[in-house]
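Colleague: I am new to this structure and would like to learn how to read it. Could you walk me through it, one feature at a time?

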Amino acid sequence: MTNEWGPLTGLAGDWESERGGLDTAYSHSEEKVLETPYREKCTFKAFGPVDNGDQHLYGLDYKTAMWRGDEDNPFHTEVGYWLWDGATGELLRAFVVPRGITLLAGGIATDDATEFTLRAAKGEPLYTIGENRYLAKHASSLSYEVVIAVTDASWSYQETTMLVMDEFDEPFAHTDHNTLRRAG
Ligand code: HEM
């Protein structure tokens, strides 16, 4: 792989973590905010270029899944794409959370960046969040921010989703962080 993938170059491949993740969310079954440790498996496959007229994007096709302890079915999954536009430094993460949520988060980075931040907010013209009717009414995603750090042997994320929820008077910070190492 060449540096046509810019700051995404070091992410291609298979990654995992054993219980290093931590999720903070409101649990409806327990009726309280829970901090949940999780394990995760994540795969990034390189593709490109994708040409939009004069724009040439290189990307990673990704899927990730998280489990609590030894459970069989993941309690959270995502599928999507990371995209890099080397001409402008625009970095994108487009993904679906199968609760009926889609996100296009974006930011600007240098092609050798090892740390970068992507953001999206509901109603924004560029980097925005789509959600289903139920969530819009009862648990609406106001904003999303993720900070990524990449080293030779690992990568980590720290993400915050601000939710307007029936259960709280003020927006609630739903947070997740993890560090993943190369699988196998
Ligand atoms: C590592 C990533 C994530 C994990 C592990 C995770 C996990 C969870 C968990 C455990 C709940 C609580 C469900 C319940 O017991 O009622 C939850 C709720 C929720 N999550 Fe996430 N989440 C993640 C990322 C996201 C992202 C990126 C978004 C949207 C941008 C999101 C949106 C929501 C919403 C809207 C709810 C509330 C659903 C409801 O109130 O019924 N989550 N999540």
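Modeller: Gladly! Let's begin with a pair of residues facing each other across two strands: aspartate 61 has tyrosine 81, in S4, as its bridge partner. Please keep in mind that this is a predicted model.

Colleague: How many bridges join S3 to S4, and do the strands run parallel or antiparallel?

Modeller: S3 and S4 are joined by 10 bridges and run antiparallel. S4 also pairs on with S5, again antiparallel, through 7 bridges.

Colleague: What lies between S4 and S5?

Modeller: The two strands form a hairpin with 4 residues between them. In that turn, glycine 89 has a positive phi of about 80°. The next hairpin is built from S5 and S6, with 3 residues between them, and its turn holds glycine 100, whose positive phi is about 95°. S5 and S6 pair in the antiparallel sense over 8 bridges.

Colleague: Which strand does S6 meet through 3 bridges?

Modeller: That is strand S8, residues 129–131, which runs antiparallel to S6. Within this pairing, leucine 103 has isoleucine 129 as its bridge partner.

Colleague: Let's step back to the whole chain. How many helices and strands are there?

Modeller: The protein has 1 helix and 11 strands. Along the sequence they follow the pattern β-β-β-β-β-β-β-β-α-β-β-β.

Colleague: And how do I judge the overall shape?

Modeller: One guide is the radius of gyration: a compact globule of 184 residues would have a value near 16 Å, and the protein has 17 Å, which agrees. The C-alpha trace spans about 50 × 40 × 25 Å along its principal axes. As for burial, 22% of the 184 residues count as buried. Among contacts with a separation of 6 or more, 44% are between residues 24 or more positions apart.

Colleague: How should I look for a core?

Modeller: Start from the general idea: in soluble globular proteins, nonpolar side chains tend to be buried together. Here, the largest nonpolar core has 24 residues, and the members touching the most others are Trp82, Trp84, Leu103, Ala105, Ala120 and Tyr144. The elements giving two or more residues to this core are S2, S3, S4, S5, S6, S7 and S9.

Colleague: What does alanine 105 contact, apart from its neighbours within four places in sequence?

Modeller: Its contacts are Arg93, Leu118, Arg119, Ala120, Tyr127, Tyr144 and Val146.

Colleague: What surrounds the ligand?

Modeller: A shell of 23 residues, with Ala25, His28, His76, Ala139 and Asp176 the closest. By class, the shell has 12 nonpolar, 8 polar and 3 charged residues. S1, S2, S6, S9, S10 and S11 each supply at least two residues of that shell.

Colleague: Why does serine 140 count as partly exposed?

Modeller: Serine 140 is partly exposed because 18 other C-beta atoms lie within 10 Å, whereas a buried residue would need 20 or more. Aspartate 85 in S4 is also partly exposed, with 18 other C-beta atoms within 10 Å. Beyond its neighbours up to four places away in sequence, aspartate 85 touches Gln55, Leu57 and Glu90.

Colleague: Is glutamate 31 buried or exposed?

Modeller: Glutamate 31 counts as exposed, with 8 C-beta neighbours inside 10 Å. Arginine 19, with 13 other C-beta atoms within 10 Å, is partly exposed.

Colleague: And which peptide bond is cis?

Modeller: The bond from glycine 48 to proline 49 is cis, with omega near 5°. Proline 49 belongs to strand S2.

Conventions: Residues numbered from 1 in each chain as written. Predicted model: local features only at pLDDT ≥ 70, side-chain atom pairs only at ≥ 80, totals over all residues. Core = buried A, V, L, I, M, F, W, Y, C linked by C-beta atoms within 7 Å. Buried ≥ 20, exposed ≤ 12 C-beta atoms within 10 Å, placed from the backbone. Contact = placed C-beta atoms within 7 Å. Near = placed C-beta within 6 Å. Nonpolar A, V, L, I, M, F, W, Y, C, P; charged D, E, K, R; others polar. Rg over C-alpha atoms; globule rule 2.2 N^0.38 Å. Pairing = 2+ DSSP bridges.
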